[in-house]
Amino acid sequence: MQPGSLNLITDVDGLLVGNARDDALRSGTTVLLADRPLACGVSVMGGAPGTRETELLAPDKTVQGIDALVLSGGSAFGLAACDGVSEGLRRLGRGFPVGPVRVPIVPGAIVFDLLNGGDKEWDQNPYPALGRKALDAASARFALGSEGGGTGALTHRWKGGLGSASAVLDCGVTVGALVVVNALGSVTAPGGRQFWAAPWEMDQEFGGLGFAGPIDAAHEPPMTKQLGEATTIAVVATDAALDKAALTRMATAAQDGMARAIVPSHTPYDGDLVFAVSTGARPLPDPVLTPFQLGHAAASVLARAIARGVHAAIPRPGDLQPCWSRK
């Protein structure tokens, strides 16, 4: 595998990503979409998820394609960002046809960032407007770190953020990941700055510090966040033609990337979740071998994206945690 030309999820041809943030709120929203519906699956392994329309993604459900995905801050309030995206897509004539009406299918997931020091005393929920703004900003190029859904993200030790990475397999298939890192666990080894994801780093994309070790296997990490204050939410994507069942399996395999990059992960207090989408642009080179390769690639790319999100975070006034890049 080699990184794609942008080393972003948008190296999967046809995908676009938009960010919107509110610095006073210390929160934001990220939207992923394409020019036509995407096949989608999901895997939820955290104990405290916050989601919208994920039941539609089960392989036995009627809807076979989604119009966009939303990764947002704001806890349950942030699910309203999907409303802004849905309204914007409706105006564009996008959505599942029901007679003369089109209903945009916009699943979403949220992270908890309500205790990060931002001004949360709003008179009107700000997230629908943030969702619409992110949709309008959608592009192949987008910023990482303290942007979009990662604007107010925190982790065990460092400021969190929005991450992305990509890989092109030898068979020509592309895999990408997009993630909001707001974990209860740590992305770096105890007492150091080496990322747990270091074994999968490409081209020194998150500092090139190499492996951390030897590691004290008996180390028990303290819980610095409380119930419901965490969550890492992600999207993995490919241009390989996969149906909902295969994408559900790819999303499940990608969860290994979260476990490689965050210690501990999938706790009772995180809402860890991975969506998987396919543009369907490229037939499977090998119906047996390629799905096997895609699971490994999705896990590796997600681990890299998690580290890149923290690596790219920048300081802003009022931060509660240091940025990795400034230590």
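**Notebook: a look through the predicted model**

I started with D203, which counts as exposed because its relative accessibility is 67%. My cut-offs: buried is under 20% relative accessible area, exposed is over 50%, and partly exposed is in between (1.4 Å probe, protein chains only). D203 is not a glycine, yet its phi is positive, about 55 degrees. I found D203 in the loop between β9 (174-182) and β10 (231-240).

Ground rules before going on. This is a predicted model, where local features need pLDDT of at least 70 and side-chain atom pairs count only at pLDDT 80 or more, while totals for chains, interfaces and linings use all residues. Residues are numbered from 1 along each chain as its sequence is written, and side-chain values use heavy atoms, with hydrogens and water left out.

**Loop between α4 and β11**

Next I went to the loop between α4 (244-261) and β11 (273-282), where P264 sits. V263 and P264 are joined by a cis peptide bond, with omega about -10 degrees. H266 is in the loop between α4 and β11 too. I noted a positive phi for H266, near 60 degrees, and this residue is not a glycine either. H266 has 22% relative accessibility, so it counts as partly exposed.

**Cysteines**

How many disulfides does the structure hold? I got zero, taking a disulfide as a pair of cysteine sulfur atoms within 2.5 Å. For C82, the nearest cysteine sulfur is that of C40, 12 Å away. C82 counts as buried because its relative accessibility is 1%. I checked C323 as well: it is at 4% relative accessibility, so it counts as buried.

**Whole chain**

I count five helices and 11 strands in the protein; these are DSSP runs numbered from the N terminus, helices being H or I with at least four residues and strands E with at least two. Of the 327 residues, 56% count as buried. The C-alpha trace spans about 60 × 55 × 35 Å along its principal axes.

Last, I looked at contacts (heavy atoms within 4.5 Å). Among those with a separation of 6 or more, 79% come from residues 24 or more positions apart.
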